Amino acid sequence: MTSSAPPALRMGTPSGRAVIAAAVLGSGMTWLDATVVNVALRSIGEDLDASLAQLQWINNGYLVSLAALILLGGSLGDRLGRRRMFVVGTIWFALASLLCGLAPNAETLIVARVLQGIGGALLTPGSLAMIQGAFVPDDRGRAIGAWSGLGGVAAAIGPFVGGVLVDHASWRWVFLINLPLAVVTVLIAIRSVPETRDPTASGDFDVVGAGLATLALAAITYALIDWNAVGAGAAAVGGLLAAVAFVLVEGRRTSPMMPPALFRDRTFSAANAMTLLVYAALGAMSFFLVLQLQTVSGYSALEAGLASMPITVCMLLLAAKGGELGSRIGPRIPMTVGPVVMAIGTALVVGVDEDVDYWLEAFPGLTVFGLGLALMVAPLTATVLAAAPDDKAGIASGVNNAVARAGSLIAVAALPTAVGLSGEDYADPSVFASAYPVAMWACTVLLVLGGLVSWLTIPAAGRET
C-alpha cells in the first residue's frame with residue numbers, strides 16, 4: 001500500500017496489531033539501547049579503562065549520528081518506502097550492535113556506537129510514519145498512544161535489563177541482546193506491515209544537509225564535553241558555522257531533508273521547542289541518577305536498574321491513557337502539566353546520596369516523574385504529527401526525534417563539565433556526590449521551562465497555524 005491509497009487499518013485488528021508490534025519493537029530497540037547503556041557505563045569504563053570523556057562519547061556518539069541523520073532517514077522513508085527503510089535500519093542497527101558487543105577498546109566502541117546511531121536514524125522515523133500512514137485517521141491517536149506507551153516501557157525498562165546483564169553476564173550483552181530483537185522485528189515488518197510512501201517526493205537526497213548537521217553536532221559536542229581540550233574553541237566555532245550553513249542550505253533546496261515550511265506552523269515549532277527542553281532534562285537526569293546510585297549510593301548495576309521501575313510501571317499503565325486524554329481535551333494541558341510533574345519528581349530525587357533510603361527518597365520522586373512522562377509523551381507525539389501534512393509524516397517524525405536526541409546529547413555533553421566533572425570523577429564518590437544535586441536542579445529548571453513553553457504556545461484544541 002502506498003500513501004496514494006487511503007489508510008485502511010483499524011485498531012484491534014490483526015493487521016493493526018502487527019503494525020504496532022513492528023513499530024514498537026523497532027523504535028523500542030533504539031530507546032532501550034539509549035537507556036540501557038547508562039547502567040553499563042561504569043562497568044564499561046572499568047573494563048576498557050575509559051575516561052569520563054570517553055564514556056560521554058560512548059553515550060553521545062550514538063546520539064550525534066542519530067540526531068544528525070534521522071531527518072535524512074525520514075526523508076528516505078517518504079521517498080523509498082517507510083517499511084523498506086525501517087527494515088534496512090533495523091538490520092544495520094543489529095550489525096552495529098554486534099560490533100559494539102565485540103569492541104576491544106573504548107575507541108572501537110565509540111565508532112560502533114556512531115554506526116548504531118545511523119541504523120537508528122533509518123528505522124526510528126519509519127516506525128511512527130508506518131502508523132500514521134497505515135491507520136485510519138480516527139484510530140491514529142489510540143495507535144500513537146499504544147506506540148508511545150509500549151515504546152516508553154522499552155526505554156524505561158532499559159536500566160533494569162542493563163543491570164541484569166551487567167551483573168550476571170557482561171556489559172557486552174547490553175548490545176548483543178539487540179540481535180534476536182532485530183530478527184523478530186524484521187520478520188513482522190516484512191510479513192505484516194503495508195508499504196507507505198509519499199508519491200510526490202523526488203529522488204533528490206539532501207546529502208549536503210546531512211553532512212552539515214553531522215558536522216555541527218559532532219563539533220559542538222566535542223567542545224562541550226571538554227572545553228579545555230585542544231581545539232575545543234575552534235570546534236565550537238566550526239560547529240556553529242556548520243549549523244548556520246545547514247539552516248541556509250535547507251532554506252534554498254527544492255527537496256530539503258528538513259523543510260523550513262514545517263516550522264511555519266506555530267504548533268509544530270512550539271512542540272519541538274518544548275521537546276528540546278524536556279528531553280535535555282530527561283537524558284541528563286537518567287545519566288546522572290544511574291551513576292549517582294552506583295558511584296555514591298553503592299548500588300549494583302541491577303539495583304540501579306531496578307530503582308527506575310516506577311517509571312516503567314507508570315508508562316506501561318498510563319501512557320495510552322495520556323494519549324486518549326490529549327485527544328479528548330487537547331494537548332496544551334497534558335504537555336504543560338506533564339513536564340511540571342516531571343520537574344517535581346526530579347526535585348524529589350535531589351537528596352539521593354550515600355545513605356539513601358530508596359522508599360523514602362528515590363521511589364516517590366521516580367513515581368512522580370513517571371506519571372508526568374506518561375501524561376506528556378503521547379500528546380506531544382500526536383501534536384507534532386497532526387501539525388504536519390500526512391505525506392510529510394516521516395520527515396515530521398524525523399525532525400521531532402532529532403530534536404529530542406539533540407536535546408539529550410547537548411545536556412549529557414555540557415552538564416558534566418558545567419558541574420565540574422572530568423577524567424575519572426565518575427568513579428570518585430565524594431566528587432560525584434557534590435556535582436549531582438547541581439545537575440538535578442538544572443534538569444528541574446529545564447522541565448519547568450518546557451511546561452511553560454507548552455502553556456504559552458500550544459493551542460488548547462490542537463493544531464493551529
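## Ground rules

This is a predicted model, in which local features need pLDDT of at least 70 and side-chain atom pairs count only at pLDDT 80 or more, while totals for chains, interfaces and linings use all residues. Residues are numbered from 1 along each chain as its sequence is written, and side-chain values use heavy atoms, with hydrogens and water left out.

## The largest pocket

The largest pocket has a volume of about 530 Å³. Of its 21 lining residues, those closest to the centre are L217, F246, M258, V403 and A406. (A pocket is an open set of points on a 1 Å grid over the protein atoms alone, where a 1.4 Å probe fits, with protein on both sides within 12 Å along at least five of seven lines; lining residues have an atom within 4 Å of a point. Grid points are joined across faces, edges and corners, and a volume is the space filled by probe spheres set on the points.)

Two or more lining residues come from each of helix 2 (52-80), helix 8 (207-225), helix 9 (232-252), helix 10 (266-296) and helix 15 (393-418). Helices are DSSP runs of H or I, at least four residues long, numbered from the N terminus. Helix 15 gives the most, with five residues. By class, the lining has 19 nonpolar, two polar and no charged residues (Ala, Val, Leu, Ile, Met, Phe, Trp, Tyr, Cys and Pro count as nonpolar, Asp, Glu, Lys and Arg as charged, and the others, Gly among them, as polar).

## The second largest pocket

Here the space is about 420 Å³. The pocket is lined by 23 residues, and G141, S327, A382, T383 and A386 are the closest to its centre. Helix 14 supplies the largest share of the lining, six residues. By class, the lining divides into ten nonpolar, nine polar and four charged residues.

A386 lies in helix 14, and its relative accessibility of 44% makes it partly exposed (between buried, under 20%, and exposed, over 50%, with a 1.4 Å probe and protein chains only). A386 and F268 are 118 residues apart in sequence, yet 8.5 Å apart in space, C-alpha to C-alpha.

## A look at helix 2

Helix 2 is largely enclosed by the rest of the structure, because 27 of its 29 residues are buried. A kink of about 45 degrees is centred on L69; the bend at a residue is the angle between axes fitted to the seven residues ending there and the seven starting there. Just after helix 2, G81 takes a positive phi of about 120 degrees.
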